[in-house]
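Have a go at each task before reading its solution.

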Amino acid sequence: MAATTLKDSFPLLTLLGIAFLASVCLSSRSDQDNPFVFESNRFQTLFENENGHIRLLQKFDQHSKLLENLQNYRLLEYKSKPHTIFLPQQTDADFILVVLSGKAILTVLLSNDRNSFSLERGDTIKLPAGTIGYLVNRDDEEDLRVLDLVIPVNRPGEPQSFLLSGNQNQPSILSGFSKNILEASFNTDYKEIEKVLLEEHGKEKYHRRGLKDRRQRGQEENVIVKISRKQIEELNKNAKSSSKKSTSSESEPFNLRSREPIYSNKFGKFFEITPKRNPQLQDLNIFVNYVEINEGSLLLPHYNSRAIVIVTVNEGKGDFELVGQRNENQQGLREEYDEEKEQGEEEIRKQVQNYKAKLSPGDVLVIPAGYPVAIKASSNLNLVGFGINAENNQRYFLAGEEDNVISQIHKPVKELAFPGSAQEVDTLLENQKQSHFANAQPQERERGSQEIKDHLYSILGSF
């Protein structure tokens, strides 16, 4: 066989170059003005010091009016270094807390008792509004990362936190009471109360510790502070492990990976806890899921019948595609409306819009009910999702060997609904031998790619 020359291969190389440039241009356009994707820089830093930070995602309905049904839901992210503690506070909001990475001790205070839990990756718990708690990173090396879905009970989308121990920017909740109320409540002179509990003593302590520079930077030193190994051991003495707990506990943590995945094959795993399986989630009507998609794999196209799903990228990178209506794009609505008016029914048939985004760690995406979605992993991808309106939700897959709703259509209806015959539709559906997760590259394309690679190798071999 004659060696392929560079001149002979020029058309192939040109086509490959054009395809590459087209894909780059497409991806650069697709991330713009996407109302369903929040890049990680959309988080606002609430607190930060050398021990960690607390960040809050912007309001969903501020990003897009299409997400107005999520106006009372917020995402909060905690991160802390080893041997640190988030000091006690309470918030006027329900929390669903998920450990993304690291190891923690969570202590929840009750009126006449307290419960401590030893938490690891995937552990989840609901904290009712008003709960006072504190969270310790008990690991010696790994940072602790926690994600919270926050549902305020007073003002929609506006959670308010109250500290037991005051700081320079926010006094203790106790300092809001008058001297007379405090003296009567603690049966103690106000000076002693001020010295032991209130923020004035804290201010003196900051000066003694030489924290003047930190105050100038506006950091809240006593929100996240260092804790000794001995103190951690004391807190960990009676902490309960949740890793093997049943998911049906009313007050104890459960692990998202503690039961068998609802979907699983060599390409990925899909774990989900619904309100039916856990009473903590019932009154909030929310499900929580944990999805692992292996590199080069695809979560097949599907949609949720009722649930709006808020998904956070925990680890890895990938591509997200969601199908909606074209007039949902945030710009150019007036022009589109005029164009539709002129083109009539022919234009109506072109209303489907593909929304694309490149996914990176920390990104958040919203999948509205009824909107088909597919997610491809370019590296091992880990996602954590909260499903709003979980009751009676059904997940419908549009491809795959099992749970494929299209395959349930009667043959006479397939004849009427699709351009191909019913037999051709069935044959096409049967080509996919995987369910729920699959190879992101079709076999035919794999063979084509290998042929291109072989051709390129032959080109390189001629030099």
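**Exercise 1. What is the average pLDDT of the chain, and which stretches stay under 50?**

Step 1. pLDDT is the predictor's confidence in each residue, from 0 to 100. The chain averages 82, and 76% of the residues score at least 70.

Step 2. Residues 200–220 stay under 50, and the model has 24 contacts for them beyond four places in sequence; a contact means heavy atoms within 4.5 Å. Residues 459–463 also stay under 50, with five such contacts.

Step 3. Where pLDDT is low, the predicted coordinates should not be read in detail.

Step 4. Keep the ground rules in mind: this is a predicted model, where local features need pLDDT of at least 70 and side-chain atom pairs count only at pLDDT 80 or more, while totals for chains, interfaces and linings use all residues. Residues are numbered from 1 along each chain as its sequence is written, and side-chain values use heavy atoms, with hydrogens and water left out.

**Exercise 2. Describe the chain as a whole.**

Step 1. Count the elements: the chain has twelve helices and 27 strands. These are DSSP runs numbered from the N terminus (helices H or I, at least four residues; strands E, at least two).

Step 2. Look at burial: 43% of the 463 residues count as buried, meaning under 20% relative accessible area, with exposed over 50% and partly exposed in between (1.4 Å probe, protein chains only).

Step 3. Check the sequence range: of the contacts with a separation of 6 or more, 76% are between residues 24 or more positions apart.

**Exercise 3. Is N382 buried or exposed, and what does its side chain reach?**

Step 1. N382 lies in strand β25 (residues 381–388). N382 is buried, with a relative accessible area of 4%.

Step 2. The N382 side chain makes a polar contact of 3.1 Å with that of R121, and it reaches the backbone oxygen of V291 at 3.2 Å. A polar contact is a pair of N or O atoms within 3.5 Å; within protein, one must be able to donate a hydrogen and the other to accept it, and residues adjacent in sequence count only if both atoms are side-chain atoms.

Step 3. Beyond four places in sequence, the contacts of N382 include Y290, T312 and N314.

**Exercise 4. Which residues touch the most other members of the largest nonpolar core?**

Step 1. Such a core is a set of buried Ala, Val, Leu, Ile, Met, Phe, Trp, Tyr and Cys residues joined through side-chain atoms within 4.5 Å.

Step 2. Among its 63 residues, the answer is F60, L75, L149, F320 and I375. Strand β18 (residues 286–293) gives the largest share, six residues.

Step 3. A second, separate core of 23 residues includes A93, L106, L119 and L127.
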